[in-house]
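Hi there,

Here is the structure I promised to pass on to you.

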Amino acid sequence: LSYGGAFRKETLNYQTTSEMDIYKKRSQNAEEKRFIAEKAAKLIENGDTIALNAGSTVELVLDYLEDIQDVNLITLSLSVALKASAISGITVYMPGGKLRSFSGAFYGKEANDFLKSFNIDKAFMGVMAVSIDKGITHGAFEEIEINQTIYEISRKCYLMADYSKFDKVSLTKMVDLNVFDGFILDDKTPEIYREYCKSNNILIV
């Protein structure tokens, strides 16, 4: 329930969630993830510099960019970089650092410093857990700082999350929900998050 944009926390029950490896993630809610990825791809224009963090939903965006002519892509994800390298209209930039094999994402000081040299037009962020009062939380402490850097250096930031990620809380806080310019959602997202977007001038895609 909301009153003038304030949400009553006591009405919200959150489920704790733990991280799933990238291979298992790909098989979960595949139809919803494709629906979200296709909508995200429509926001990307020639000449954009975009960021995709690590995640099974953001990886699918590349399936809808095969005709793109001129996009710079910055990604933390080894699998996203490999997939994007096969698309002729995309130039891939990727940080070095340490690779977490569980998620396929790079992290660490070197990776973070590399990212800070870029200006990103649009960041598309796959997430693990979303809640109204805890914001975006994540199961891997190591990946928090580098994901926060993406939010900081991006002109526009879009949340990409299928319905299963909502009303969940994980190990550690990443960012508040109000840092996003848009939520890219499927049709099963709990209504309270759509209300939150409307109260906070966040685009619903």
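Predicted model: local features only at pLDDT ≥ 70, side-chain atom pairs only at ≥ 80, totals over all residues.

Helix α2 covers residues 30–41, and its 12 residues should span 16 Å at 1.5 Å a residue; the end C-alpha atoms are 16 Å apart, which agrees. Its buried residues are E32, K33, I36, A37, A40 and A41. Looking down the axis of α2, you will see these buried residues within an arc of 165 degrees, so they line one face of the helix.

Helix α6 (residues 144–153) has 7 of its 10 residues buried, so the rest of the structure largely encloses it. The buried ones are I144, I146, N147, T149, I150, Y151 and I153.

Where does N53 lie? You will find N53 in the loop between β4 (49–52) and α3 (56–60). With a relative accessible area of 2%, N53 is buried, being under the 20% cut-off. If we leave aside neighbours within four places in sequence, N53 is in contact with V58, T75, L76, S77, V80, F124, M125, G126, N147 and I150. N147 and I150 are the two buried α6 residues I had in mind.

The structure holds 6 aromatic pairs. In one of them, the rings of F124 and Y158 have centres 5.3 Å apart and planes at 15 degrees, so this pair is stacked. The pair links distant parts of the chain, with F124 in strand β9 (residues 120–126) and Y158 in strand β12 (residues 154–160), 34 residues apart. F124 is buried at 0% relative accessibility, and Y158 is buried too, with a relative accessible area of 6%. Elsewhere, ring pairs link Y93, F114 and F118 into a cluster.

Now for the charged residues. Side chains of opposite charge can pair when their charged atoms come close. How many salt bridges does the structure hold? There are 11 salt bridges, and these are the ones I looked at:

- K188 and E32 meet through their side chains at 2.9 Å, N to O. This pair links distant parts of the chain, since K188 is in the loop between β15 (182–184) and α7 (191–199) and E32 is in helix α2, 156 residues apart. K188 is partly exposed, with a relative accessible area of 48%, whereas E32 is buried at 13%.
- D48 and K122 form a salt bridge at 2.7 Å, N to O. D48 sits in the loop between α2 and β4 and K122 in strand β9, 74 residues apart. D48 is buried, with a relative accessible area of 8%, and K122 counts as buried at 7%.
- R100 and E142 form a salt bridge at 3.7 Å, N to O. R100 lies in strand β7 (residues 98–100) and E142 in the loop between β11 (135–138) and α6, so the pair ties together parts that are 42 residues apart in sequence. R100 counts as buried at 14% relative accessibility, while E142 is partly exposed at 37%.

Salt bridges with shared partners also join R34, D63 and K83 into one network.

Finally, some backbone angles to look at. D167 has a positive phi of about 60 degrees although it is not a glycine. D167 lies in the loop between β12 and β13 (168–169) and is partly exposed, with a relative accessible area of 23%. N201 is another non-glycine residue with a positive phi, near 55 degrees. N201 is in the loop between α7 and β16 (203–204), and it is exposed, with a relative accessible area of 74%.

Happy browsing, and do write back with any questions!

Best wishes

Definitions and conventions:
Residues numbered from 1 in each chain as written. Heavy atoms only, no water. Buried < 20%, exposed > 50% of the residue type's maximum accessible area, 1.4 Å probe, protein only. Helix = DSSP H or I, 4+ residues; strand = E, 2+ residues; numbered from the N terminus. Expected span 1.5 Å × (residues − 1). Arc of directions from axis to C-beta. Contact = heavy atoms within 4.5 Å. Phe/Tyr/Trp six-rings, centres within 6.5 Å; stacked < 30°, edge-to-face > 60°. Salt bridge = Lys/Arg side-chain N within 4 Å of Asp/Glu carboxyl O.
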